[in-house]
Amino acid sequence: MRHLFSYLRPYRVAITCIVSFIFIQCLGNLYLPTLMSDIVDYGVLKGNLHYIVVTGLFMLGVSIASVCFSIAASFLSSRTASSFGKVLRREVFSHAQTFSLREFDEFGTSSLITRTTNDITQVQQLVNMMLRMMIMAPLNCIGGILMAVYTDARLSLILVVMVPVLATIIALVFSRATKLFRSMQAKIDTLNRVLRESLTGIRVIRSFNRVSYEQERFDAANFDLTNTTTRVQKIMAVMSPALMLVINLSVIAVIWFGGLRVEHGTMQIGSLIAFIQYVTQLLFAIMMVSMMFFMIPRASASANRIWAVLQTKPDIVDPVAEDIKPSSAEPLQVEFRDVTFSYPGAETPALSHISFTAKPGQVTAIIGGTGAGKSTLVNLIPRFYDVDEGTVLVGGMDVRLQTQSELRAKIGYVPQKAVLFSGTIADNIRAGRQHASDEEVKRAAQVAQAIEFIEEMPEGFASLIEQGGRNVSGGQKQRLSIARALAKRAPIYIFDDSFSALDFRTDARLRAALRDEVRDAAVIIVAQRVSTVRDAHQIVVLDEGRIAGVGTHDELMGSCQVYREIVASQMAEGESA
Amino acid sequence: MSEREPRDMRIMRPPMPMGRGGMRPGMPVQKPKDFKGTLRRLSRYFKPHLWRLAVVLLMTILSTLFSILSPDVMKNATDDLVAGIRHRLHGIPGSGFDVSGIVHVILELAVLYVLSALFSYVQQFVMAGVAQKTVYALRNEVHAKMARLPLAFFDSRPTGEIMSRFVNDFDNIGNTLQQTLTQLISSIVTFLGVIVMMFAISPWMSVVVFLTLPLSFYVTRTIAKRSQRYFVGQQRSLGQLNGHIEEMYTGHQIVKAFGLEDRAMSQFVEYNEKLFESGWKAQFISGMIFPLMNFIGNIGYVLVSVIGGFLVTRGAIGIGDIQAFIMYARQFSQPITQLSSISNIIQSTVASAERIFELLDEPEEAPEPEDPVLISNPAGDVQFEDVRFAYQPDKQPLMEHLNLDVKAGQMVAVVGPTGAGKTTLVNLLMRFYDVDGGAIRIDGVDITRMRRGHLRSMFGMVLQDTWLFHGTIRDNIAYGRAGATEAEIVAAATAARADHFIRTLPDGYDTVLNEEASNISQGQKQLLTIARAILADPAMLILDEATSSVDTRTEILIQEAMSRLMEGRTSFVIAHRLSTIRNADLILVMNHGSVIEQGTHEELLARRGFYAELYYSQFAGAPA
């Protein structure tokens with residue numbers, strides 16, 4: 001949490017102003033009882049009407065000044081907290097943009113989203129509260145003590161007794177409650193989990209007739225949570241009556257001891273009335289501070305999560321300027337030289353000793369079972385991850401010696417899971433090349449077999465894609481994602497299992513159209529189906545991260561056992577002979 | 001003496017981890033459609049707690065009354081002191097201070113305070129039980145209701161939406177019951193009590209304090225109206241910004257691959273700036289309410305001091321009266337500030353309750369037959385007779401005049417492109433949905449004449465969308481049949497070819513599957529669901545063949561396990577493998593949700609229809 005507060009440094013001036021404004025306002029509020037005691041002591045008791053009116057007007061003036069300072073402080077604190085949130089949010093977002101896929105894998109996409117959105121809102125709210133309440137409360141304390149001591153130092157000794165009592169009660173309740181809060185949170189999670197399971201598994205539950213069993217499971221979790229929550233609430237129920245009682249008893253003590261001092265003539269009656277107000281104000285301020293402590297753990301957890309993002313150094317950075325080497329002119333080839341790669345924390349490498357070359361004008365297919373490392377392999381080409389050993393070369397140059405943007409500009413990439421952004425269809429295709437002409441956009445859509453459904457839409461290319469592409473089907477998404485890559489007109493294309501959501505007819509037509517379109521490029525296709533890779537110039541067979549064979553379909557059928565197994569698993573023996 | 005009490009201590013509730021933040025003036029509130037009706041219905045849930053609620057009500061009123069009385073008692077102490085001073089001033093000998101009077105007052109005060117604190121504690125303590133028990137009962141009722149809802153309900157809305165009703169709406173109701181209800185009572189009591197006390201002390205000063213009332217209302221209203229605009233804007237910008245972040249993060253790979261970082265950033269900055277602009281204004285304007293109300297309170301304070309002082313010099317009231325009056329004037333403005341926020345909270349709570357009641361009012365599944373037929377030893381004949389079905393009654397039916405005749409022990413292959421609606425078949429067979437016309441019969445008995453539970457117990461289901469729950473592997477397999485023995489579980493796992501991999505896991509059968517069950521592979525999950533089905537020992541099966549998401553070796557295991565499972569049972573196989581399809585007794589070809597062709601492999605090829613085209617493009621002649 002402390003680290004994030006360094007982001008408040010630019011607001012030093014504003015914060016200083018806020019503190020002083022609030023202090024002035026506190027003093028103003030504390031001054032009013034003093035003035036009132038003067039009205040009592042010098043006006044009322046002496047029957048001085050003029051004094052009463054003048055002091056009254058003065059009180060009004062103090063009130064006005066105090067509200068002005070208070071509003072000014074509120075203005076500054078709103079702006080400061082919001083601006084703090086804005087800067088922090090931008091910082092986190094722009095930092096996350098530099099992350100490689102490895103950092104995204106580590107945090108998890110949904111966790112990163114939470115960190116950039118809710119967590120920052122949490123911290124921003126805390127800052128806002130701090131700038132209002134947390135500054136106000138201690139200042140009220142200090143002001144209250146000052147005024148109390150100034151009014152009557154000996155009577156202030158009551159505070160020496162009462163403040164520790166108050167603190168003890170607060171500490172006791174908190175230490176018991178926080179533990180229960182934590183266990184309550186865990187039970188809420190359990191209840192939600194049971195509920196989510198009973199929603200996602202509804203067909204299974206009903207098919208196995210386990211409805212009543214689920215009912216019991218839910219009831220158990222519900223009961224457990226209810227018990228804990230009730231206990232928390234019952235403990236918290238002590239808090240405010242106990243604190244109120246302490247404050248009220250302090251007031252009684254003030255009346256008693258103060259009364260004695262009035263009797264001895266060492267204190268005036270108006271001062272006593274004012275003193276009572278100082279004491280209550282002070283004790284309430286202490287309570288306010290204690291309430292703040294409830295907010296801190298939650299915001300501090302958020303702050304730590306945000307800080308973890310900001311602290312993470314991106315794994316992949318551009319080479320320093322003097323190391324950058326230009327790659328050879330087009331056409332470009334992609335070469336793997338004895339590449340080994342492991343995901344962080346994994347025992348065995350995801351890829352080991354991979355060597356092959358994908359030549360321009362050729363189709364290189366990569367096939368293998370799940371977990372064989374196909375997607376991992378193609379992710380190394382645009383340098384989404386860095387290799388552990390060996391080299392990936394694009395255009396004869398190590399990818400680590402090129403800037404990421406230059407390297408990626410050479411690659412038309414179609415991911416396994418089609419991702420579209422909100423905006424028009426044309427916008428999405430133009431993501432490939434910002435200045436593509438309408439003709440080029442249309443052409444890309446045509447090759448990707450997307451033109452038919454685009455033109456069927458009422459707005460054509462101007463039709464809006466909703467967030468996450470919810471309003472188009474999986475197959476349409478995939479075709480648009482292919483069109484986007486084609487619009488780039490890159491010398492290298494990567495299709496990471498990009499035809500899976502297409503029906504067979506579209507699949508066949510698309511591949512035929514592609515063949516002409518990307519004739520001169522180096523094309524790398526990851527596939528599951530043998531029928532997709534059959535015609536490739538070269539097939540790389542992966543098995544558990546190793547190359548099991550490289551060659552054409554016919555060559556592999558003769559030489560590669562793994563390939564034959566894959567073929568066999570997809571077709572009946574008679575068919576593949 | 002508690003005139004500085006910051007808007008009643010009761011509002012300072014423990015911040016619940018999921019609790020809503022404090023209501024600020026102008027913050028958008030969800031309004032219920034039928035406030036009265038929902039409130040009446042909600043109050044029915046209090047019936048079992050009536051006497052407890054009566055205690056809470058009584059305690060709240062008493063505790064509030066006592067705290068209202070205390071300034072009136074305290075003023076006597078002040079008056080005694082003042083009298084003592086006056087006497088000394090006028091040199092009346094021997095009469096000095098009335099110490100016993102002050103002691104008396106102090107004791108009286110102490111009793112009032114202790115009782116008030118005690119009552120307030122009892123009230124909160126009892127209310128905690130009532131609130132939590134009510135929420136508990138309501139939660140269980142909703143969950144029980146979900147078991148009676150048709151599948152159509154769950155299919156037509158995202159899981160997240162149902163979850164959010166559970167989480168947020170119940171949380172809302174629980175908090176309001178705990179805090180707001182008693183706060184409402186004490187606010188009203190305080191308001192009325194204080195008016196009475198103020199008039200008792202001095203009608204003139206009371207009138208003066210009342211004059212500040214319209215000002216308070218005006219300020220509250222104006223601020224709420226102004227800040228609302230910015231709160232709405234803030235909400236909108238926050239939605240846009242979060243949407244953008246979500247989109248850019250989920251598409252991170254694409255952003256990188258296409259070098260879109262700069263564009264993502266500039267869009268972000270634009271949304272972020274908009275959020276800042278409306279955000280700080282909403283904060284500032286809604287935050288003004290506190291200093292302004294404080295200021296109005298101070299005006300009252302000044303007026304009371306001046307007019308009170310004047311009245312004292314006239315001998316109309318005592319100094320202690322001023323002191324008490326100041327405290328009352330402070331307490332008086334509190335309920336006014338509070339009531340608007342309380343009313344917002346209650347509105348949003350009733351809206352939450354309404355959403356929950358809507359769920360409870362959803363139409364349930366058709367009732368079970370009165371005289372259910374029991375098939376004790378099902379053979380597994382399945383017939384569809386002239387079946388008509390549509391997910392939405394007003395739409396073109398997906399199935400019309402569908403006739404099928406499957407004999408016991410036969411294997412039916414269901415083929416078609418992805419998303420062709422193969423689950424529709426599952427839905428009808430298991431009676432997750434009811435047919436709109438015609439009938440489905442098992443061993444000659446219409447399935448609507450059986451209990452659903454009985455019908456479903458005759459089926460085993462192994463789908464690709466494997467559902468396992470957070471628990472041990474043993475429990476997950478045992479889910480197939482309540483009361484299965486350890487030996488039966490292991491036997492089922494062995495038959496499902498799962499025993500081996502289970503034993504290689506660190507804790508064997510006691511391995512706990514995590515929430516996403518991501519600690520075992522997709523294929524292993526499917527083996528577990530097969531083991532679960534084997535344990536259930538059904539007469540009929542619905543199977544989903546493994547596709548590409550499983551590696552070759554596991555796929556062979558799954559294949560073996562499935563063949564083993566299918567022996568002697570009527571099976572419906574959602575098929576991806578040619579060998580399965582060719583061996584099937586009947587092939588159903590599905591597209592766009594409906595069965596478009598049926599027959600054996602040879603018959604369908606001869607027809608040269610959709611199946612033939614599918615077959616030739618995907619399988620035949622592939623490898624030379």
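**Exercise 1. How many residues of chain A are in contact with how many residues of chain B?**

Step 1. Know the model. It is predicted: local features need pLDDT of at least 70, side-chain atom pairs count only at pLDDT 80 or more, and totals for chains, interfaces and linings use all residues. Residues are numbered from 1 along each chain as its sequence is written, while chains are lettered from A and ligands numbered from 1 in the order in which they are written.

Step 2. Two residues are in contact if their C-beta atoms, placed from the backbone, lie within 7 Å.

Step 3. Read the count. In chain A, 136 residues are in contact with 124 residues of chain B.

Step 4. Find the main contributor. Helix 9 (residues 211-263) of chain A gives the largest share of this side, 30 residues. Helices (H or I, at least four residues) and strands (E, at least two) are DSSP runs, numbered from the N terminus.

Step 5. Sort by class. The side of chain A that touches chain B has 70 nonpolar, 46 polar and 20 charged residues. Ala, Val, Leu, Ile, Met, Phe, Trp, Tyr, Cys and Pro count as nonpolar; Asp, Glu, Lys and Arg as charged; the others, Gly among them, as polar.

**Exercise 2. Describe the overall form of chain A.**

Step 1. Count the elements. Chain A has 21 helices and 12 strands.

Step 2. Take the box. Along the principal axes, the C-alpha atoms fill roughly 115 × 60 × 50 Å.

Step 3. Compare with a globule. Chain A has a radius of gyration of 36 Å, whereas a compact globule of 577 residues would have one near 25 Å. The radius is taken over C-alpha atoms, and the globule rule is 2.2 Å times the number of residues to the power 0.38.

**Exercise 3. What separates the centres of domain 1 and domain 3 of chain A, in Å?**

Step 1. Locate them. Domain 1 covers 1-151 + 297-315, and domain 3 covers 330-410 + 491-577. The bounds come from an automatic or database domain assignment.

Step 2. Read the distance. Taken over C-alpha atoms, the centres are 57 Å apart.

Step 3. Check the contacts. In domain 1 of chain A, 5 residues are in contact with 5 residues of domain 3. That side of domain 1 divides into 1 nonpolar, 1 polar and 3 charged residues.

**Exercise 4. Where is the place of His537(A)?**

Step 1. His537(A) is in the loop between helix 18 (530-533) and strand 11 (538-543) of chain A.

Step 2. List its partners. Not counting residues up to four places away in sequence, His537(A) touches Gln362(A), Val363(A) and Thr364(A).
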